[in-house]
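This briefing concerns selected packing and pairing features of one structure. Please consult the sequence and the coordinates alongside the points that follow.

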Amino acid sequence: MNYSMVLKNLGILLICEALAMIPSLGVAIGTKGKDEAAFLYTIAILLFLGICTLFIKPKNKTIYGRDGFAIASIGWILASFFGALPFYFSGAVPSLVDSFFEAVSGFTTTGSSIITNVEALPQGLIFWRSFTHWIGGMGILVLTMAILPTIGAGNMQIMKAESPGPNPGKLVPRLKKSAIILYGIYMVITVSEVILLKLSGLSLFDSLIYSFGSVGTGGFANKSLSIAHYNNIAAEIIITIFCFACGINFSLYYTAIKGNIKEFFKDEEFKVYVSIILVAIILITLNIYGNVFNGVGTALRHSTFQVVTIITTTGYSSTDFNQWPAFSKMILLILMFIGGCAGSTAGSVKNLRLLLLFKNAKREVHKIIHPKAVYTVKYGGKTVNENTLSAVSNFFVLYMFIFFIAVILISLDGKDMITNISAVTATLGNIGPGLGVVGPMGSFSSFSDFSKMIMSFCMLAGRLEIYPLLLLFSRQFWKK
Amino acid sequence: MKIIIVGAGKVGYTLAENLSKDNNYDVTVIDKDDDALAKVEENLDVLCIKGNGVSASILMEAEIVNSDLIIAVTGSDEINMLCCLTAKKLGVKKAVARVRNPEYSQELSIIKDQIGLDYVINPEFAAAEEIARSMGFSSAINVENFAKGRVRMVDLIVNDEMGLDGKSLADIDKESKSTVLIGVIVRNNEVLVPNGSTVIQKNDHIYAIGNPSSIYSFCKYHGKNPDKIKNVIIVGGGRITFYLYKLLVGMGINTKIIEINGDRCHELADVLPNALIINDDGSDEGVLKSENIDTVDGFIAVTGIDEVNIMSSLIAKNFKVKKVITKVSRTNYDNIVNHLGLDTVISPKEITTNYILKYVRGKSIESLHRIVDGQAEVIEFVVDKNSDLIDKPLKNIKMVPNTIIATIVRRKEVVVPHGKDVIKAGDRIIVITKQQKISTPSELISKVNGGLQNELLNGIKKLGDIINM
């Protein structure tokens, strides 16, 4: 492994994180909270460490595949660790493990929280929490690529390790331009949401918090009751639309901007994504109508909001869906395993992978009927490479494997089954709230430190799509 | 500038590598082969598309409509031509194709017209030309002509007999009273742009540049007397040999061809009726002995297999053949080949890349020669009357770093310039530079000084450099 190059990239990442903390510092100073010093200390530490690494002069400037993976996984762990320091220094979250959990949850756009009373947090920290969603949604490392003056070809490895989906690719020949285009689209979506939310009656600060939370598909709110606090239909609709939009592959927006709008609606994954959402909404509405809510309108309103925020792995709640009947809760739990589209800010397994798994399974069935027949799996009219197919199957197996191990480990805390299963599903899929104790009105604070670390691992593994993080445990990986 | 390269083979890869280094070029590579594409995608900052480069839909996917240039360098001439034809019809501005079949190359002008090709590169012919040029000046590793032959650059290896070892360039100038400029020194594969105080060491490659007669006397003075070559053996009867034979015969050199494949020998005998063609293994010492290798003064190994070329060249070196030229297609042998003591190594891939790069860089470049994988470039420009360079003493022009103006050519006069010399409109200048992106003479002028905005820009650039180091 090219250690000096990895260190150097990590240093650059830390400097970028320091820069990213400046808006939060501004908020902290503006609101005269107790958190100014905490941000200042953290920024100073980040800058010091980052500038130290700038003096490294690597002999070999190539970034190989494994270096890219190392930068992504270690980078995310470091970013989360330093992102946790403001919580810890300010005393708002007294335990370091809790602070780390909160920061990981922010960067990975999960939105699970150990904080029981959000309203008591200083404003600077609330802003920082949500801002990490925004950065983490599109990717911290992709952000550094978009900002830095020039970058080498090896950075494609980093982008591959960080971007969600089985086959992340570039939009245009230049990696830097691709990163800028992605962040450009992301910016436009964010700004439009902030404006619309402001118009719907939320304060500017709240509009920012909810916009960061929904475009990053994170889910941190600044009210304990989440969206339900406002009881504002307009805001709910806006958030639903933007969550939905950010669960779509961002490269589709680029094709649409180039004038190829038809392509947008022809995309197979997009169609699957929309169909799953529609079916889930209808089933849940039928189930909760008359049962929980008396009006069709109210039932539709809450089911739509909940289905969209859960499938996009955002995790906002307009009502306490933990009180819903088992059928609806089961559907929501399954949606947590599906997630958004590849190349979006959403987490979990992703529609594209499930679609390919399904097609592959269909082929296996056909093969039993006609053992000598040759079938290829097609996606969007093109044959899918066998390597991609096996990578997708392996991914799914590993995903489930980690899921089971994590469920067993956190069961040691002695909580009920629904809580354990949904807590791991929600963290591994980067959703946020689960069911039972960790439901929309609950929090993760009652878990032991050990369980919190396990779930932090799950969140990182889910965001980086498992492999980069698993590689850290391989001895081969560290050898020269 | 948007460039599409069809074919991710040896030439396609090198082109993509060199073009993608320059931020002005956005490169898209199209190939049918997954593995070749995977290699490109992993190592280079370019966009890869899998598919057939002739197909319109693939070309459309690569945004051919907005592209400035398509370069077709697949293994097949026909595909290359068809690809350019489709691309031209779809609206690409310029098309470049590699066409290597001698039968087509004779009808090149018709093909160019009909298909609308803007530039055709024939790597074998280019390689043959380079070999022939180097044969004409036997003591140099490599010979390059500029300004239509009025300026010559030779690449020499410093050995004990030259008496240059340990001397500084200023001393050498005084001693030999020559008007030759040593413009580049290559030491252990590192390129130095020297100044008067640079000291030459043994085994350095020095690039001497000047007018042909002073180059000749410089070489003679330093014991590198370029003897005339009379007898040559060529091992391998491929396309390069076909072109090379004609060129060598034109130079009055006796040429023998050794080719292992009987059928190919017959084909060659058909097209080269007067040639002496021997059907035998050219890497066999016995065969070479029986063909009197100890009496020839030139040996050229151009078979299709690098290993055979290297081995037979080593045999020839062992027989003290004066000039040995080896074709090596794969660049991953570069490091080893340098240590084997083979002096002139020709790589058709490099030559093709140089020609196409020169074409891509634009009109103001008259010729371009790249040294050690493009670490340094020797570029010939014609300075027009609007340039900022003219009518100023050179010492008053602030140049970009690591760059020198090696010669000024005014009509028939060739000057190795000093601080007081002036460039006039219409002069040709030959520039040696380690900067990579220079494509017009005005880019030679350093923009470091002047204006707060520039200061800021340079600051950002420097920060970028620090981050990227």
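A residue counts as buried if 20 or more other C-beta atoms lie within 10 Å of its own, as exposed if 12 or fewer do, and as partly exposed in between. The model is predicted.

**Tyr467 of chain A**

- Tyr467(A) has 16 other C-beta atoms within 10 Å and is therefore partly exposed.
- This residue belongs to helix α20 of chain A, which spans residues 467-471.
- Although 307 residues separate Tyr467(A) from Lys160(A) in sequence, their C-alpha atoms are 11 Å apart in space.

**Helix packing in chain A**

- Helix α8 (residues 175-199) of chain A packs against helix α9 (residues 204-215) of chain A at an angle of about 140°, and the two axes are 8 Å apart.
- The orientation of α8(A) and α9(A) is therefore oblique.
- The crossing of α8(A) with α9(A) is right-handed.
- On the α8(A) side, the contact is made by Tyr186(A), Ile189(A), Thr190(A), Glu193(A), Val194(A), Leu197(A) and Lys198(A).
- On the α9(A) side, the contributing residues are Leu204(A), Ser207(A), Leu208(A), Tyr210(A), Ser211(A), Ser214(A) and Val215(A).
- By residue class, the contact of α8(A) with α9(A) comprises 8 nonpolar, 4 polar and 2 charged residues.

**The open sheet of chain B**

- An open sheet in chain B is formed by 6 strands with parallel pairing, in the order β3-β2-β1-β4-β5-β6.
- Its edge strands are β3 (47-50) and β6 (119-121) of chain B, each of which pairs on one side only.
- From one strand to the next, the twist averages 15°.
- Within chain B, strand β1 (residues 2-6) and strand β2 (residues 26-31) are paired in the parallel sense through 5 bridges.
- Ile5(B) has Val29(B) in β2(B) as its bridge partner.
- Helix α2 (residues 34-43) of chain B lies across β2 and β3 of chain B, and runs at about 170° to β3(B).

**Strands β12 and β13 of chain B**

- Strand β12 (residues 231-235) of chain B is largely enclosed by the rest of the structure, because 4 of its 5 residues are buried.
- β12(B) runs parallel to strand β13 (residues 254-259) of chain B, and 5 bridges join the two.
- Asn231(B) has Asn254(B) in β13(B) as its bridge partner.

Definitions and conventions. Residues numbered from 1 in each chain as written. Chains lettered and ligands numbered in written order. Predicted model: local features only at pLDDT ≥ 70, side-chain atom pairs only at ≥ 80, totals over all residues. Axes fitted to C-alpha atoms, helices over the stretch in contact; angles between N-to-C directions. Parallel < 35°, antiparallel > 145°, perpendicular 65-115°, else oblique. Left-handed = near helix turned anticlockwise from the far one by under 90°. Contact = placed C-beta atoms within 7 Å. Nonpolar A, V, L, I, M, F, W, Y, C, P; charged D, E, K, R; others polar. Pairing = 2+ DSSP bridges.
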